[in-house]
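Please keep the sequence and the coordinates in view while reading.

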Amino acid sequence: DPASRRGSHGAPHAVYMDYNATTPMAPEVIQTVTEAMHEAWGNPSSSYTAGRKAKEIINKARESLAQMVGGRPQDIIFTSGGTEANNLVIHTALRHFRESRVLGQDGPGEDHKRAAGATPHFITSNVEHDSVRLPLEHLVKEHMAEATFVPVSKITGQVEVDDTIAAIRPTTCLVSIMLANNETGVIMPISELSQRIQILNQNRMALGLPRILMHTDAAQMIGKGRVDGQDLGVDYLTIVGHKFYAPRIGALYVQGPGHLICFLLCTQAAELVNKNCEDYEAHMKEVRDYLEERLEASFGKQRLHFNSRFPGAKRLCNTCNFSIRGPGLQGWMVLSHCKTLLASVGAACHSKKGDQPSSILLSCGIPYEVAQNALRLSVGRDTTKEDVDIVVEDLKQSVAQLEQNRVTQRSGVRTGN
């Protein structure tokens, strides 16, 4: 309710535009969680009432999540969050590679001989979330794996399918590419890539090579657009609750090897997505487009650079990453002088690096001095055009204050003060 964001005298309160980082729990979700804590606190394997109720909730959660990503209830593995889900995929791929190597050690051909006894190889992009990048870097450092970080195109902001396929080796065990980038909002060509890998896997089987598993982190896409694991053709798909108005919990959609069962309570949030996803997407796109129009009108097209617009590439309906050109207008500086806007300069792992720009934006070809000024605004289901007007005015006053401070400082230097 926009009215709740205003004080008793009509003064604007803070406006949140960092929904790609985290979302508040939907009221329906809070109610469901509260009821579960009162009525379903028992052991789900027990026969008493509180236990049976817990079992019902877990089964319903699995069904709702499966429906949300186009899978079956038995395809859902519960995790504590997205980081655990992504780490689980990586270590499952390691185990699968070792098991495949042992089972197929009598396979034919030179390619198989190169794979047998070799170090497993991973492929990902150079714009992945730290929960994929860091564990792979650790495995490489410990000589437990090799990894290729495929660069994104500086024209489209996407990982190119041909570049990814070209990086495949006989020892490749996993390709992990996010479905949508958390900073630029660019949507990656996962379905096309999966189709190419499926064809390669048929040939690899004939050669006795381990199958390449395909994973996509769908954290940013769920709740903002249609996600169907079958259409995407992936073995693993990461689900992150706090990105679509659920608690900080997660899950994996699994078609490939590996089954571990944890716990999740995401039912109501998943049902809201199943029921309202198209409406959510249309609303967020309308508000985001209005935001970009107002930014252009306020700062001028020449002064504004949209870091999330790439020709020919689709992007998330809610994400606007932009820079206001000019000295002393680094993203964190602009935000520090805002009175109502709550946002970030990018992913949480980049937000405390001061003047250092996002490595993701640099990888996408954004010039250093432009990336340094970047702000990421991500709207949500309840963000209004009124909120946008408040935010744009807040940004204008922040920029004006920084520029005035700069003029004052320069004048002071000239006069010797």
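A residue is called buried under 20% relative accessible area, exposed over 50%, and partly exposed in between, with a 1.4 Å probe and protein chains only. The model is a predicted one, in which local features need pLDDT of at least 70 and side-chain atom pairs count only at pLDDT 80 or more, whereas totals for chains, interfaces and linings use all residues. Residues are numbered from 1 along each chain as its sequence is written, and side-chain values use heavy atoms, with hydrogens and water left out. Helices (H or I, at least four residues) and strands (E, at least two) are DSSP runs numbered from the N terminus.

- G71, which sits in the loop between α2 (49-68) and β2, counts as partly exposed, with a relative accessibility of 23%.
- When neighbours within four places in sequence are set aside, G71 is in contact (heavy atoms within 4.5 Å) with A66 and Y253.
- Although G71 and V254 are 183 residues apart along the chain, their C-alpha atoms are separated by 8.6 Å.

- Strand β8 (residues 250-254) is largely enclosed by the rest of the structure, because 5 of its 5 residues are buried.
- Both faces of β8 are covered, with G250, L252 and V254 buried on one side and A251 and Y253 buried on the other.
- Two strands are said to pair if DSSP finds at least two bridges between them; strand β2 (residues 76-79) pairs with β8 in the antiparallel sense over 4 bridges, and T79 has G250 of β8 as its bridge partner.
- Strand β7 (residues 236-240) also pairs with β8 in the antiparallel sense, over 5 bridges, and here T238 stands opposite L252 of β8.

**The open sheet of β9, β10 and β12**

- An open sheet of 3 strands runs in the order β9-β10-β12 with antiparallel pairing, and its edge strands, β9 (304-306) and β12 (374-378), each pair on one side only.
- Neighbouring strands of this sheet are turned by 30° against each other on average, direction ignored, where axes are lines fitted to C-alpha atoms (for helices over the stretch in contact) and angles run from 0 to 180 degrees between N-to-C directions.
- Strand β10 (residues 319-324) is joined to β12 by 5 bridges, the two running antiparallel, and S323 stands opposite A374 in β12.
- Helix α9 lies across β9, β10 and β12, and runs at about 10° to β10.

**Helix packing of α1 on α9**

- Helix α1 (residues 27-39) packs with helix α9 (residues 267-299) at an angle of about 150°, their axes being 8 Å apart.
- That angle makes α1 roughly antiparallel to α9, on a scale where angles under 35 degrees count as roughly parallel, over 145 as roughly antiparallel, 65 to 115 as roughly perpendicular and the rest as oblique.
- The contact is made by E28, V29 and T32 of α1 together with Q268, A269 and L272 of α9.

**N201 in helix α7**

- N201, found in helix α7 (residues 190-207), is buried, with a relative accessible area of 7%.
- Leaving aside neighbours within four places in sequence, N201 is in contact with R211 and I212.
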